[in-house]
Amino acid sequence: MAALPMVRVALLLAFSVFLTLVLGFGLPSVLNLFARCCGFPEASVTESIVLLYALFVLYVAMPRLPRGTLKVAGKAVLVTGCDTGFGLALAKHFHKLGFMVFAGCLFKNYCELVRSLWAVVNNAGISTFGEVEFTTMDTYKQVSEVNLWGTIRVTKAFLPLIRRAKGRVVNIASMYGRMGNALRSPYCVSKYGVEAFSDCLRYEMKVWNVKVSVIEPGNFIVATGILTRDIVTTTAEKLWKEAPPGVQEDYGKAHFEQYMALMRSYCNSGQREIEPVLDDVTDAITSKRPYKRYNPMEPHWWIRMQIMTHLPAAISDRLYF
Ligand SMILES: NC(=O)c1ccc[n+]([C@@H]2O[C@H](COP(=O)([O-])OP(=O)(O)OC[C@H]3O[C@@H](n4cnc5c(N)ncnc54)[C@H](OP(=O)(O)O)[C@@H]3O)[C@@H](O)[C@H]2O)c1
C-alpha cells in the first residue's frame, strides 16, 4: 500500500482524536444534560447511552407520523410493469384513490401521454438467480436492462413533466438493493444501481422540489409473479446448459441441484399480503413529506438489513454466510 502523504495522515489523526473526544466526553455530557432537563436524577454515562438506545428503539417501533396528505384530484400517476404483482395492485389502488392512472408495460412516446404528470412509479422488474460462474454476461445485461436501465430510461423520459409538476419519482428497488446474497448477483447488481441512481436524482431534484423515494420490499415472492416454479425450472436448465464444461465439472451436478432445490423452496415463501408495499408507495406519492426510503419487510429481514449495512462485514458474514 502506498504511503499516505503527511498532511492526510495528520488530518486523519486529528479527525480520529476529535471523534474520540466528542463521542467519549461530548456525547455523554449532552445526554446527561438532556436527562437532567427531562427531570431525571443525575444520570451516568451508561444510563445516558441506555436512554439514547431506548429513544432509537422508540423511533424504530413508532408508527408512521402524520405528515399531511396532498389532494389527489387532477393528478396522474404512471406505473410501469402492471400485468401482475405489485404493479397491477398499485394501478388498481391508485385508481380507487382517484388518481388518473397510466398502467403500462411499454410505451413508445411517453411525453405525449399527459401534460401534468404527478408521479412515476418505476415498478417493472425481473429477477433471476445463479452462482456467478454459471451466470452469463447476457443474463447480467438482461436483468439490468429492465431493472436498472429501464428505471433510468423511464425516469429521464418523464422527468420534465414531473419537474414542472413538482411531483414524485418512486423507484421500486428491493432489500437486495442494500445487501447482497449468494445466487442473487445479477438482481443485486441491478437493484444496487437503482438505489444509487435514486440517491443521485434525489440530491439533484431537491432544488426543483421533486421528491424521490425508494421502496425496498423484502420477500413477497408468494404474492407476486417474480419467482415461480416454472421460472426456477427454466432458469435451472439454462444455467446448467450454458455453464462452461470446467464449471460443471468443478461444482458438480449434486451441488447444483441442491441450490436449485433451495430456489424452488423459495417459490412459496414470503409475505402473502402486499398491503405494506401499497401503503408505502401511496405514502411516497400522497404525503406532503414522503420518506426517502421505505422498508416494507418482515422484522427478521429488517434486522438482517441493519446488521449487514451497519456492522463490519466480518461480523455480518459470520452471522449470515
Ligand atoms: N416480489 C418480491 O418479493 C419483490 C421483492 C423486492 C422487490 N421486488 C420488485 O418489485 C417490482 C415488481 O415485481 P413483482 O414482485 O410485482 O413481480 P411480477 O409479478 O413479476 O411483476 C413484474 C412486472 O414487470 C413487468 N415487466 C417485466 N419486464 C418488463 C419490461 N421489459 N418492460 C415492461 N414491463 C416489464 C412484468 O410484465 P410481464 O409479466 O408482462 O412480463 C410484470 O408486470 C420489481 O421491480 C421487483 O424487482 C419484488
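Before going on, a word on the model: it is predicted, so local features need pLDDT of at least 70 and side-chain atom pairs count only at pLDDT 80 or more, while totals for chains, interfaces and linings use all residues. Residue numbers run from 1 along each chain as its sequence is written.

Helices (H or I, at least four residues) and strands (E, at least two) are DSSP runs, numbered from the N terminus.

Now, the strands around that pair. Strand β4, residues 168-172, and strand β5, residues 211-215, pair in the parallel sense over five bridges; to count as paired, two strands need at least two bridges found by DSSP. Helix α5, residues 185-205, packs on the sheet and touches β4 and β5. The direction of α5 makes about 160 degrees with that of β5; such angles run from 0 to 180 degrees between N-to-C directions, with axes fitted to C-alpha atoms, for helices over the stretch in contact.

What is the order of the whole sheet? This open sheet of six strands reads β2-β1-β3-β4-β5-β6, with parallel pairing. The edges belong to β2 (100-104) and β6 (293-294), each with a single partner strand, so one side of each has no neighbour in the sheet. Helix α4 also packs on the sheet, where it touches β1 (76-80), β3 (117-122) and β4, and its direction makes about 160 degrees with that of β3.

On to the helix pairs. The axes of α4 and α5 come within 8 Å and cross at roughly 20 degrees. That makes the two roughly parallel; the cut-offs are under 35 degrees for roughly parallel, over 145 for roughly antiparallel, 65 to 115 for roughly perpendicular, and oblique for the rest. Their crossing is right-handed, meaning that the near helix is turned clockwise from the far one by less than a right angle. Residues in this contact include Tyr140, Val143 and Leu148 of α4 and Val189, Val194 and Phe197 of α5, where contact means C-beta atoms, placed from the backbone, within 7 Å. By class, there are ten nonpolar, seven polar and one charged residues. Here Ala, Val, Leu, Ile, Met, Phe, Trp, Tyr, Cys and Pro count as nonpolar, Asp, Glu, Lys and Arg as charged, and the others, Gly among them, as polar.

Next, α3 and helix α9, residues 275-286, pack at about 55 degrees with axes 10 Å apart, which makes α3 oblique to α9. Phe86, Ala89, Leu90 and His93 of α3 meet Val277, Leu278, Val281 and Thr282 of α9: six nonpolar, two polar and no charged residues.

How do α6 (229-242) and α8 (253-266) pack? Their angle is about 160 degrees, and their axes lie 10 Å apart, so they are roughly antiparallel. Arg229, Val232, Ala236 and Trp240 in α6 meet Phe256, Met260, Met263 and Arg264 in α8, giving six nonpolar, no polar and two charged residues.

Last, the ligand. Of the 27 residues around the ligand, Gly81, Gly85, Gly125, Thr224 and Gly225 come nearest; a residue is near if its C-beta atom, placed from the backbone, lies within 6 Å. Both α3 (85-97) and α4 (137-165) give two or more residues to this shell, and α3 gives the most, with three. The shell has twelve nonpolar, 14 polar and one charged residues.

Conventions. Two residues are in contact if their C-beta atoms, placed from the backbone, lie within 7 Å.
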